[in-house]
Amino acid sequence: MSKIEIKSITKTFGEIAALKEVSVTFEENHIYGLLGRNGAGKTTLLNLLTGKLFPDSGEILIDGERALENDRALSKMYCMTELNLYPEKMRVKEAFRWSAEFYPDFNTEYANSLCEKFELKTNLKIRNLSTGYHSIFKIIIALSCGTEIVIFDEPVLGLDANHRELFYKELIQNFSDAPRTFILSTHLIEEIASIIDRVVIIKNGKIIMDDEVQNVISMGFSVSGSADAVDEYIKRKRVLGFDTLGNFKSAYLLGKSDDVPSSLEVGKLELQKLFIQLTNA
Amino acid sequence: MNTIKMKAPIKYHLRSFRKTIQIMYLCVYLVMLLTVISNIFKTPFSFESNSMMEFVSAITIFVIGLVSFKEYFKFSLANGISRKTQFFSTTAALGILSTVLAFIDTINCLIFTHITHYCPLFLQIYGIGSSFSDSSPILTPQMLFENFLWLVFLYFLVSMIGLFITTLYYRMNRGFKIAVSIFVPVVLINGFEPLDSYFFAGKLTAVLQNFLSVAFGLSNGCNPYIAMVSMFVFAFFFAALTYLLARKASIKN
Amino acid sequence: MNFAEDKSIYLQIAEKIEDAILSGAFEEESQIPSTTEFSVNYKINPATALKGISLLVDDGIVYKKRGLGMFVCPGAKEVILSKREKDFFDRFIRTLLNEAKKLSMSKADIIAMIERGYGNEQNRN
């Protein structure tokens, strides 16, 4: 029971409207992918959700309760962010201790076991952690918190390939053991495309997509072949975009692929490709 | 605001105070030790340590107030604590600290007046000519109790001022910060008297002096209880301003 | 597992399990890994893994033992084989014929190729 309802949120920074009347609902027991280009408004949305910023208008409800300045609502969430919010001089193990004080369901044993897997020494001071380990430290707290809503804002910043893989596996295990609401906000769409089951796309401060991943992918298809053949086929079709390499052309279309001539190759629409086409200016 | 939710934040604050306070008392006791030693060996240097301790405590808790916003604000945001709870837990923690310091300082007073020539700040203000005699004043239980209470309010007021200043600075943008940092001290230190004599023919200073002496119970004889009430009111005033500033604080990149 | 393939992930999972049963890696009446283990191993959403396994349950290839997990049905091998045989024409023959058409190969060419394939196997044996 951890539903997030964001209703008509607007946030402006000076002259820039970061979010314009954004409304979206995050239901429980799903892993959401929150996607958007740099500056699209993802982090602003998450900061508003977790009370780090105040919206200009609109409201945010968690399980029907207003989230603004609400201890109870705030205690249902943990947000792993790029920001350095922890005191520099604090040691990792102290941070775990305080997390356990502020989040009663914090699982310290689990946190320590994750530290071993990621090879993070709990005695280190936070200011002495590398960028990658800073992320790992925050990821571990996020996974160990036991909150109903867990948010990851660019979790794999600075993580090497091995740690990224470990993170995804632990994430899935964690979610599988205790399904709740996970929100993953990231640029690495390819990596998370199979992990998320719902996708929300922000473009220029507006939500342009909010759907199940399988619906999104079956929304369309790609055709490839000679440029002439492709152009002929895509007349009177809803085209998202295309790539050209010499005379070889690939077009990305919405709709059904039952009438594609045999001269063209049909392909699945990948999430990242769809994202790029949708969010190009 | 959930009182149960306040327990952990207050605990956190008190933990963070610990080291500073330990160092402070270490220094105080060290100085006292040197004073006693210098008294015994009648060295040419005499450590004049009258009421030093209270000044040290007051300054320390003021500085603690000065560092009780920014780092805690960020940490609270990471741990899902509302600004309201943040404010009340900080104020409560500083109140607890004030009480503890006042208590320890009062006990210290008792000790110091017995081992050397020491006159607590409280008596210097409200006692009669105590600091000018050669021996330490005799502290009755009533004096000790009033000393303790008076110090609680003093320390709390001073910490609230520190907290207010740091919260104000956090909320101000860069231009304001520079302007205030230069303007306020200059006016207060150098500019007040000339401005006052030019615009108000010195009346403002007189009014202010009168107000302070009344507030601190010094106008008709010495009444420390008026001072306690006044200090509480001033502290409440600064705390209220701090709350108004803190409740709209946003994270900065 | 190559998720860029045209087939949906849950279908690929189901196929992988079927392959494992056919090869004997998952024996009949033995337990197969849980949904969680599959999803962690292949880094996919648990609901997707569950969908793939549910498919196999519907086809009578695996079944659920209350409180214990998923087990391979007795006779699962035969079920898979007959299912695959039915699909064989659609999956392989059609594709083969389409490709042959692109290369302008005649029926005789195709048959010759098939003979060659069998011949090579015999030579290897």
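The model is predicted: local features need pLDDT of at least 70, side-chain atom pairs count only at pLDDT 80 or more, and totals for chains, interfaces and linings use all residues. Residues are numbered from 1 along each chain as its sequence is written, while chains are lettered from A and ligands numbered from 1 in the order in which they are written. Of the two pairs of chains in contact, A and B share the most contacts. Two residues are in contact if their C-beta atoms, placed from the backbone, lie within 7 Å.

**Chain A**

- Chain A holds ten helices and 14 strands. Helices (H or I, at least four residues) and strands (E, at least two) are DSSP runs, numbered from the N terminus.
- Its C-alpha atoms fill a box of roughly 65 × 40 × 35 Å along the principal axes.
- Of the 281 residues in chain A, 41% are buried. A residue is buried if 20 or more other C-beta atoms lie within 10 Å of its own, exposed if 12 or fewer, and partly exposed in between, with C-beta atoms placed from the backbone.
- Take the contacts in chain A between residues at least 6 apart in sequence: 68% join residues at least 24 apart.

**Chain B**

- Chain B has nine helices and zero strands. From the N terminus on, its elements run α-α-α-α-α-α-α-α-α.
- The C-alpha trace of chain B spans about 60 × 50 × 35 Å along its principal axes.
- Chain B has 253 residues, and 33% of them count as buried.
- For contacts in chain B between residues at least 6 apart in sequence, 77% join residues at least 24 apart.

**Helix pair H4(B) and H9(B)**

- In chain B, the axes of helix H4 (residues 83–115) and helix H9 (residues 224–246) come within 10 Å and cross at roughly 150°. This makes H4(B) roughly antiparallel to H9(B).
- Axes are lines fitted to C-alpha atoms, for helices over the stretch in contact, and angles run from 0 to 180 degrees between N-to-C directions. Angles under 35 degrees count as roughly parallel, over 145 as roughly antiparallel, 65 to 115 as roughly perpendicular and the rest as oblique.
- H4(B) and H9(B) cross in a right-handed sense, with the near helix turned clockwise from the far one by less than a right angle.
- H4(B) contributes B:Arg83, B:Gln86, B:Phe87 and B:Thr91 to the contact, and H9(B) contributes B:Ala239, B:Thr242, B:Tyr243 and B:Ala246.
- By class, this contact of H4(B) with H9(B) has four nonpolar, three polar and one charged residues. Ala, Val, Leu, Ile, Met, Phe, Trp, Tyr, Cys and Pro count as nonpolar, Asp, Glu, Lys and Arg as charged, and the others, Gly among them, as polar.

**Chain A side facing chain B**

- Helix H2 (71–74) and helix H3 (92–102) of chain A each supply at least two residues of the side that touches chain B.
- H3(A) gives the most to this side, with four residues.
- The residues of the side of chain A that touches chain B divide into ten nonpolar, five polar and four charged.

**Chain C**

- No contact joins chain B and chain C, and their closest C-alpha atoms lie 28 Å apart.
- Chain C is assigned domain 1 (9–76) and domain 2 (82–124). These bounds come from an automatic or database domain assignment.
- The C-alpha centres of domain 1 and domain 2 of chain C lie 30 Å apart.
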